[in-house]
Amino acid sequence: MKIVDAKVIVCSPGRNFVTLKIVTEDGIYGLGDATLNGRELAVASYLSDHVIPLLIGRDARRIEDIWQYLYKGAYWRRGPVTMSAISAVDTALWDIKGKALNAPVYQLLGGASRDGVLVYGHASGQDIEEAVKAVSDYVRLGYKAIRAQSGIPGLPSTYGVGRGKMYYEPAEKDAPLENVWNSELYLNFVPQLFERLRKEFGPDLHLLHDAHHRLTPIEAARLGKELEPYHLFWLEDPVPAELQESFRLIRQHTTTPLAVGEVFNSIYDCQQLIQEQLIDYIRTTVVHAGGISHLRKIAGLAELYLVRTGSHGATDLSPVYMAAALHFDLSVHNIQEYMRHTEETDRVFPHAYSFSEGMMHPGDAPGLGVDIEETLASKYPYRRAYLPINRKLDGTMHNW
Ligand code: KDG
Ligand code: MG
C-alpha cells in the first residue's frame, strides 16, 4: 500500500493546529497532529521540506520501519520539532492501518483493557471562591477528576487561570504575555486552596494541581509535604525536569503523587524517573513523544515500575491528537487530561470520541475516527501566537 501523497494543513480555528495528511494509492488517508504550541511552523517546515519527500513511494503498512527510518535516518535525534514530526507520521499511519483493516485503532493495540478512559478537566478561578465554583461546575458536568488552579494574592496573573472561559488558552497573538512570579506567595497559598476544596467536596473527588515547572526541588518537597493532608491525585511538574535526579530529593520528603512529562519527547527523557520510581504518572503524549508507537514503549517501561500514564491533553493538542490518545489510553491503564476544544475547532475536526460521566471513549469508527474539513480549515489561516513568559518580582526570567 504505497504512499502517493502527503500534505501539511496549518489552520487556526480559534488557535493554531498543524495536521499531517498522508494519502495511499488506494485512496485511504490518515491524519496526524503535529502541533507544537508557539513554534508551529518549524514542525510544518520539517514535515513539508524534509519528511514528506521521503514518504512518497513507501509502504504505509510498515509503521515501525518508517518510524526507525525517520528517527535513525535523520542522524540528529530527539527534540520537540523532530519528534512532533515523527509523531504525526506515526499517528497517520496507524489511522491508515485501522481504516485498511476496518478496525478502530485500539483494537490493533490489543483491544480495550477497560470500558472507558478516566479524564480530568481544568477548573480555575481568580481566587479561591471562584475556583470552588469552577470545580463544582465540573462536578455537575460529571467529571470525577478535576485539576484546580487559582490566582495568587499579590500576583497580577499566573499560570492556569482562565479568563472566564471553559477552555483555558495561554497562547497570545503577536507577542508573549508577561507573567510575574513569586514562589513564596505561591507556596503559602496553594495549601489553603486545597484545604478549602477538600472541605467543600469531601475525600472522594480526584483533585490535581499543576505547578508548571516553577519550583526548586526543595520548594517542591515542601509543597508536596504540605499538600499531603488533602490527598491529591497528583502534583504535576513541580520542577523543570531536565535534571531527572532532582526528583530524588522531592521523593525523599513527600508521599504526594508526582506527574511529569508533557514536554518530554522520548523514552530517554523519563528513563531514570521511571526506573528509580521517582514519579507516579508519566505525561508524555502521542503528539510530542513519537506517536502511538513510541508511547507504547514508554508505557511498557512504566508498567514494569508501576508508573501509570496520564497524557497531556490541553487545547493546544488538536482533536486528531485527542482521538489518537484515547485509542492508546483504552489499551493501557491510566488517566487522560481533557480540555474541551472550542466549537469552531470541533467543526473543523469532526470526531467519533465522546465524553460521559467523567469517562471518554474513542468510538468504533475504523482508524482514529477523526477527520479534517479542509475547506472549512482554509477559512481559518495561521496567526502567529506565543506562549507567555514569566519573570520574578525583581525582573529575573523564570520558567513559565
Ligand atoms: O502549550 C502549553 C500548554 O499545553 C501547557 O501549559 C498546559 O501544562 C499544561 C497542562 O497541564 O495542560
Ligand atoms: Mg501541565
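Asn-390 has His-398 as its bridge partner in S18. The two strands concerned, S17 (residues 389-392) and S18, run antiparallel and are joined by two bridges; strands here are DSSP runs of E of at least two residues and helices are runs of H or I of at least four, numbered from the N terminus, and two strands pair if DSSP finds at least two bridges between them. The model is predicted, with local features requiring pLDDT of at least 70 and side-chain atom pairs counted only at pLDDT 80 or more, whereas totals for chains, interfaces and linings use all residues. Residues are numbered from 1 along each chain as its sequence is written, chains are lettered from A and ligands numbered from 1 in the order in which they are written, and side-chain values use heavy atoms, with hydrogens and water left out.

S17 and S18 belong to an open sheet of three strands, ordered S7-S17-S18 with mixed pairing. Its edges are formed by strand S7 (178-181) and strand S18 (397-398), each of which pairs on one side only.

Strand S8 (residues 206-210) is largely enclosed by the rest of the structure, because four of its five residues are buried, that is, under 20% relative accessible area with a 1.4 Å probe and protein chains only (exposed is over 50%, partly exposed in between). Strand S5 (residues 145-150) runs parallel to S8 and is joined to it by three bridges, with Arg-147 opposite Leu-208. S8 also pairs in the parallel sense with strand S9 (residues 234-236), again over three bridges, and Leu-208 stands opposite Trp-234 there. From S8 the chain passes through helix H7 (residues 217-227) to S9 in a right-handed β-α-β crossover, meaning that the path from the first strand over the helix to the second runs clockwise with the strands pointing away from the viewer.

The largest pocket holds about 970 Å³ of space. A pocket is an open set of points on a 1 Å grid over the protein atoms alone, where a 1.4 Å probe fits, with protein on both sides within 12 Å along at least five of seven lines; lining residues have an atom within 4 Å of a point. Of the 36 lining residues, His-213, Glu-262, Val-263, Leu-387 and Trp-400 are the closest to the pocket centre. The pocket lies between domain 1 (3-104) and domain 2 (108-365), because both contribute residues to its lining.

Ile-9, in strand S1 (residues 3-11), counts as buried at 11% relative accessibility. The C-alpha atoms of Ile-9 and Lys-21 are separated by 7.6 Å, although the residues are 12 apart along the chain.

Note on methods
Points joined across faces, edges and corners; volume = space filled by probe spheres on them. Domains from an automatic or database assignment.
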